[in-house]
Amino acid sequence: TAFLAPSWIKAGKGYQRAVTHKLGNVIFTPDDLEAAVPPPGDVPYSGTTYWRTDWLRFNEKVVDRAWGTIGMVGPASGSQKMQEYMHTVIGATYPNVGDTLLRNEPVFELGVVRDWRVAVQGTEASGSDVVLITSGNIGHLSTRLDAGVVVRSGNNLFRSFPAVGVLPGREVNPVAGATVDTAHMFLGLMYRYEAWNIAIDGNSSDPSGSTIHRVPNQLYASIGGSWNMGRFGFLVSFAESTKRFEEAEAGDSFGSMSVTWRYR
């Protein structure tokens, strides 16, 4: 799929390049899993299964990334069956989704990212840096603009630079399995302007499935660590956000764990 990369990703000398693929599923449920119909002011039941491809070019100072996502929201995503299975495995409350899942709707998303690596201290073997991040995307799935900063400390930071994000764990690590092992800790802050999110706003053609109102301006903070060993990349992170919709009592708290395997 490298031939599908935008021309500006293919252009330029002195860059390394990578392509990553991700098959993912995202599920949102209201607080009361026993309610067949979410109470007014809570998120609707929704599930999205998607395929995402990222194209990157990067050097020691800059990362450019473009991505495209296609997927399906609603019962056809298979999210309800997957959630029921996982809740059975872990012994959690069985979700009473009923017929209130957001309706079937194909979704897409196109996005771009640019990261700048600044304030590099120490050596590549051991040091610290600051990474400035800007990104934007548009589509049925979500439409938003992000701006953030990540402070990192560890070894071989250049090797993990292309994978830096304020909310890591939700993207494939394109340098997993690098020939040199890497490890670092990070702290990130991000501002987000969100103009659309199907999980909050409801189906684009008929938003009546949602009874909440999105908060456009949001702040995120994250902390965690990442390391690569052999063909595998590992990441653990924790994040806090301000309220994502007006009816929420507080912001979100969530954790993420990811394992990436480089197959060649």
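A nonpolar core is a set of buried Ala, Val, Leu, Ile, Met, Phe, Trp, Tyr and Cys residues joined through side-chain atoms within 4.5 Å, where buried means under 20% relative accessible area, exposed over 50% and partly exposed in between (1.4 Å probe, protein chains only). This report concerns a predicted model, in which local features need pLDDT of at least 70 and side-chain atom pairs count only at pLDDT 80 or more, while totals for chains, interfaces and linings use all residues. Residues are numbered from 1 along each chain as its sequence is written, and side-chain values use heavy atoms, with hydrogens and water left out.

**Nonpolar cores**

The largest nonpolar core comprises 17 residues, and Val131, Ile133, Val150 and Val164 have the most contacts inside it. At least two residues of this core come from each of strands E2 (46–58), E3, E5 (127–139) and E7 (182–197); strands (E, at least two residues) are DSSP runs, numbered from the N terminus. Another core, of 6 residues, lies apart from the largest one and includes Val73, Leu102, Val107 and Ile198. In soluble globular proteins, nonpolar side chains tend to be buried together.

Contact means heavy atoms within 4.5 Å. With neighbours within four places in sequence left aside, Val131 is in contact with Asp115, Trp116, Gly148, Val149, Val150, Arg152, Phe161 and Val164.

**Thr69**

Thr69 is located in strand E3, which spans residues 62–73. Its relative accessible area is 5%, so Thr69 is buried. Residues up to four places away in sequence not being counted, Thr69 touches Tyr50, Trp51, Arg52, Val107, Phe108, Glu109 and Leu141. The C-alpha atoms of Thr69 and His21 are 9.9 Å apart, although 48 residues separate the two along the chain.

**Aromatic rings and charges**

Rings of Phe, Tyr and Trp (its six-membered ring) pair if their centres lie within 6.5 Å; planes under 30 degrees apart count as stacked, over 60 as edge-to-face and the rest as tilted. The whole structure holds 2 aromatic pairs, listed below.

| Pair | Centre distance | Plane angle | Class |
|---|---|---|---|
| Trp227 and Phe234 | 5.8 Å | 20° | stacked |
| Phe232 and Phe234 | 6.2 Å | 20° | stacked |

Trp227, Phe232 and Phe234 form one aromatic cluster. Trp227 is partly exposed at 33% relative accessible area, Phe234 is partly exposed at 26%, and Phe232 is partly exposed at 37%.

A charge sits over a ring if NZ of Lys or CZ of Arg is within 6 Å of the ring centre and within 35 degrees of the ring normal. The charged end of Arg52 sits over the ring of Trp67, 4.1 Å from its centre. Arg57 lies over the face of Tyr15, 4.3 Å from the ring centre.

Key. Helices (H or I, at least four residues) and strands (E, at least two) are DSSP runs, numbered from the N terminus.
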